[in-house]
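Have the viewer open as you read.

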Amino acid sequence: MKMQVDDTMQRNNLVSREELQRQSEELLTALLQAIKKGNFDNVYTDDYAQVNDILSDISVMRARQGFSPRETNRFVLSLKQALCDVLEQEHAGTPEVLYKEILQVNSLLDNLSIIAFETYIKGREDVILRQSDEINEISTPVIRVWEGILALPIIGTLDSSRTQTVMENLLQEIVETGSSIAILDISGVPTVDSMVAQHLIKTVSATRLMGAECIISGIRPEIAQTIVHLGIDLSNIVTKATLASALQVAFARLNLQVRSIDRMAAPLLK
Amino acid sequence: MEKIPILRMGPFLLVTIQVDLYDQLALNLENDLISSISKTGAKGVLIDISALDIVDSFMGRILSNIASMSRLMDAGTVVVGMQPAVAITLVELGLKLHGVYTALTIEKGIALLQQQFTLRTSGQEEDTSSQDE
Amino acid sequence: MSNHTIPIVREQDFILIRSHIQELCAETGMNLINQTKLITAASELVRNILNYAKSGKVMMEIVSINARQGIKLTFTDEGPGIENLQAAMQDGYSTSSGMGLGLPGAKRLVSEFAIQSAPGKGTIVTLIHWKDGH
């Protein structure tokens with residue numbers, strides 16, 4: 001019986017033959033133990049606890065490895081054919097018994113496949129959750145431009161969960177570095193509607209509550225147009241067209257000056 | 001009765017809030033601070049809230065009140081060391097700390113008070129609020 | 001999953017409530033910002049109860065739907081109730097000397113917020129804050 005099942009399942013080539021063999025053996029052993037107890041109906045009882053655990057592990061793993069739902073489910077359903085074949089041989093002479101047993105095996109495996117499917121989906125959801133967290137993290141770097149000056153280039157749309165991450169990262173960095181000026185650069189934000197503007201205003205307000213100043217840079221002409229057309233009031237916030245001019249303001253606030261070195265004096269510095 | 005100590009630092013007063021502020025204690029602080037300003041003729045108040053995990057609308061009102069009252073007595077108010085989580089929460093709550101200035105550290109707070117004091121004495125009145133609306 | 005009810009009679013009761021919420025936050029792994037938002041919202045509601053109903057209680061529990069975990073707080077009082085709920089949920093509306101941010105502010109801080117009240121029938125405020133804050 002084991003042989004048959006393994007054969008059926010080796011059609012998948014996303015995991016190694018040995019791994020697959022091990023998984024199906026594990027599952028089969030557990031399943032046989034459960035069946036011995038004579039319970040064919042309720043897979044949510046303790047008899048099937050081990051089977052369910054193994055099945056869940058396999059399904060979650062497959063979700064992470066990128067198996068399709070069809071492939072994952074076939075792993076379970078392929079048992080059906082194998083078990084039916086065995087039953088057919090055993091009860092060849094008594095069709096009534098065969099029919100009954102096949103029915104039982106069918107419903108049992110259907111239930112198991114539902115469990116596999118449920119955990120597969122859960123595994124996928126976990127993957128998605130983790131990825132969206134990662135995207136949030138990656139897409140909001142805080143750069144220490146200068147002593148006391150932080151810059152935060154925002155790329156992509158600014159929704160409320162993103163704003164929260166931006167605020168968290170920015171404020172934490174302000175505390176850690178003792179920076180008194182933060183520049184939010186929105187050149188990479190495709191559109192600024194009233195929601196996005198609201199999020200920007202919130203970020204600026206929170207920065208101010210901490211005792212730091214926030215400058216918004218990277219206002220493209222079309223963004224300036226939409227801001228005015230939508231009647232969004234940003235007059236309380238220092239805004240600049242480019243990151244460079246925001247930096248200039250920041251330097252001025254910190255009483256710093258950037259000069260080009262006099263060519264005649266330059267050799268002396270070497 | 002529990003009290004929050006008020007320290008004198010030159011022309012300024014320093015209050016470090018380190019305990020959970022329930023309402024009566026916060027109201028006491030307001031009273032004590034205002035009478036200290038009048039007694040000492042302090043020109044500014046620094047309120048260090050770096051140990052506070054929670055600032056709700058009641059606490060926010062106390063801070064605003066202290067700022068407005070000290071202002072009437074010619075003293076500025078700077079809130080120092082607000083935690084990031086508190087700042088984000090206040091913004092979401094919709095609370096504006098009217099008339100309250102903020103600074104990252106006590107040093108920066110003192111510098112801010114000094115700068116305001118110089119501005120006031122030189123006759124140029126500064127803008128009433130650092131908070132946007 | 002534990003659910004816990006604490007009476008609200010004095011200002012200091014908030015300290016107990018808050019430390020219990022902190023425990024629940026640690027259990028669900030809620031981050032500091034969401035924890036701060038939830039506790040601040042709880043603080044607003046405790047104050048509301050003390051100001052208007054004088055006493056009440058809060059039930060605190062962990063809830064989960066699918067893979068999402070959150071903390072649910074149910075504030076109950078048998079006070080005078082709220083006559084005009086719609087107005088009470090608006091910013092700046094206050095019948096006392098407060099800033100009128102209590103109810104609407106608390107609502108903005110948490111994921112889900114529901115209020116039931118009628119004059120003479122007390123008030124029930126239920127709020128849920130999901131671990132991810134949305």
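## Salt bridge and polar contacts

In this predicted model, one salt bridge is found across the interface of chain A and chain B. The partners are Glu92(B) and Lys202(A), whose side chains meet at 3.2 Å, N to O.

On the chain A side, helix H6 (160–177) and helix H7 (194–210) each supply at least two of the residues that touch chain B. H7(A) gives the most, with seven residues. Sorted by class, the side of chain A that touches chain B has eight nonpolar, seven polar and three charged residues.

## Extent of the A–B contact

Chain A brings 18 residues to the contact and chain B brings 17 residues. Together they bury about 1,600 Å², with carbon and sulfur atoms giving 64% of that area. Take a look at Arg208(A), Leu209(A) and Met210(A): they supply 42% of the area that chain A buries against chain B, more than any other three residues.

## The sheet of chain C

Now over to chain C, where five strands form an open sheet in the order E1-E2-E3-E5-E4, with antiparallel pairing. Strand E1 (3–8) and strand E4 (112–117) of chain C each have a single partner strand, so one side of each is left without a neighbour in the sheet. On average, neighbouring strands are turned by 15° against each other, direction ignored.

Within this sheet, E2 (residues 56–65) and E3 (residues 68–77) of chain C run antiparallel and are joined by 10 bridges. Gly56(C), for instance, has Asp77(C) in E3(C) as its bridge partner. Helix H1 (residues 13–28) of chain C packs on the sheet and touches E1, E2 and E3 of chain C. The direction of this helix makes about 5° with that of E2(C).

Key: Residues numbered from 1 in each chain as written. Chains lettered and ligands numbered in written order. Predicted model: local features only at pLDDT ≥ 70, side-chain atom pairs only at ≥ 80, totals over all residues. Heavy atoms only, no water. Contact = heavy atoms within 4.5 Å. Buried area = accessible area lost by both parts, 1.4 Å probe. Salt bridge = Lys/Arg side-chain N within 4 Å of Asp/Glu carboxyl O. Helix = DSSP H or I, 4+ residues; strand = E, 2+ residues; numbered from the N terminus. Nonpolar A, V, L, I, M, F, W, Y, C, P; charged D, E, K, R; others polar. Pairing = 2+ DSSP bridges. Axes fitted to C-alpha atoms, helices over the stretch in contact; angles between N-to-C directions.
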